[in-house]
Amino acid sequence: MEAWDAYLHGSYPIGACVVDAGGQVIARGRNRLGDPRSAEGGVISGHDLAHAEINALLNLKDTPRPACYGWTVLTTVQPCPQCAGAIAMSGVRAVEYAASDPWAGCTHLLTDDPYVSRKGIRVGRAPEEVQRAALRLMIHALMDEGRALGTNSVLDSFHSEHPQDVEFAAHVHHSGTLTTLRDHRAPLAGALAVLA
């Protein structure tokens, strides 16, 4: 839901939330790179730091220890170095992501760095159908930016690991179906039907 909302607002389709040990959502955030520049009320917008995971973490009321060790950051795209570092330093001890990011994904920071690995942060993945929808939506957004295969771009890195999903997203992008849904601010269910 947060990822689609980000996309509707002209940002990368990346959303995140923090859930407590019981699975209740206690904070939400979305990518806000395309929003007007602001840093108010627990939200960063229009700034290089305005990533979904950062905004979700900033929306937490507090991080009481040891309770926050049982919380999990759920995100639609594998966290970048900035977001992985923020998760590591937040007190939250688990992250689960949907789409892998062969360009900037940096969850290995959470498990391989000598300092961070001592925190025992668990890294997991979303169910496969969620992974596929998030990946295809992200690839579609990259195509919206005019990124093209064969230009040594971020899209090439996705194609090297997920060629079928890039081809699927290219077909959807060419058809204009998802763009039309975005332009009409259609509900998430419509987008998921196209991305499945």
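A salt bridge here is a side-chain nitrogen of Lys or Arg within 4 Å of a carboxyl oxygen of Asp or Glu. By this rule the count comes to nine salt bridges. This is a predicted model: local features need pLDDT of at least 70, side-chain atom pairs count only at pLDDT 80 or more, and totals for chains, interfaces and linings use all residues. Residues are numbered from 1 along each chain as its sequence is written, and side-chain values use heavy atoms, with hydrogens and water left out.

Side chains of opposite charge can pair when their charged atoms come close.

| Pair | N to O distance |
|---|---|
| Arg 28 and Glu 2 | 3.7 Å |
| Arg 30 and Asp 5 | 3.3 Å |
| Arg 182 and Asp 144 | 2.9 Å |

**Strand S2 and helix H1**

Helices (H or I, at least four residues) and strands (E, at least two) are DSSP runs, numbered from the N terminus. Arg 28 and Glu 2 form a salt bridge. Arg 28 lies in strand S2 (residues 25-30) and Glu 2 in helix H1 (residues 2-8), so the pair ties together parts 26 residues apart in sequence. Burial follows relative accessible area: buried is under 20%, exposed is over 50%, and partly exposed is in between (1.4 Å probe, protein chains only). Arg 28 is partly exposed at 39%. Glu 2 is buried at 17%.

Arg 30 also forms a salt bridge, with Asp 5 as its partner. This pair again links distant parts of the chain: Arg 30 is in strand S2 and Asp 5 in helix H1, 25 residues apart. Arg 30 is buried, with a relative accessibility of 4%. Asp 5 is partly exposed at 28%.

**Helix H6**

Helix H6 covers residues 128-144 and has 17 residues. The expected span of a helix is 1.5 Å times one less than its number of residues. For H6 that gives 24 Å, and the end C-alpha atoms are 24 Å apart, so the two agree. Buried residues of H6 include Ala 133, Leu 137, His 140 and Met 143. Gly 146 follows H6, and its phi is positive, near 90 degrees.

Asp 144 is partly exposed, with a relative accessible area of 29%.
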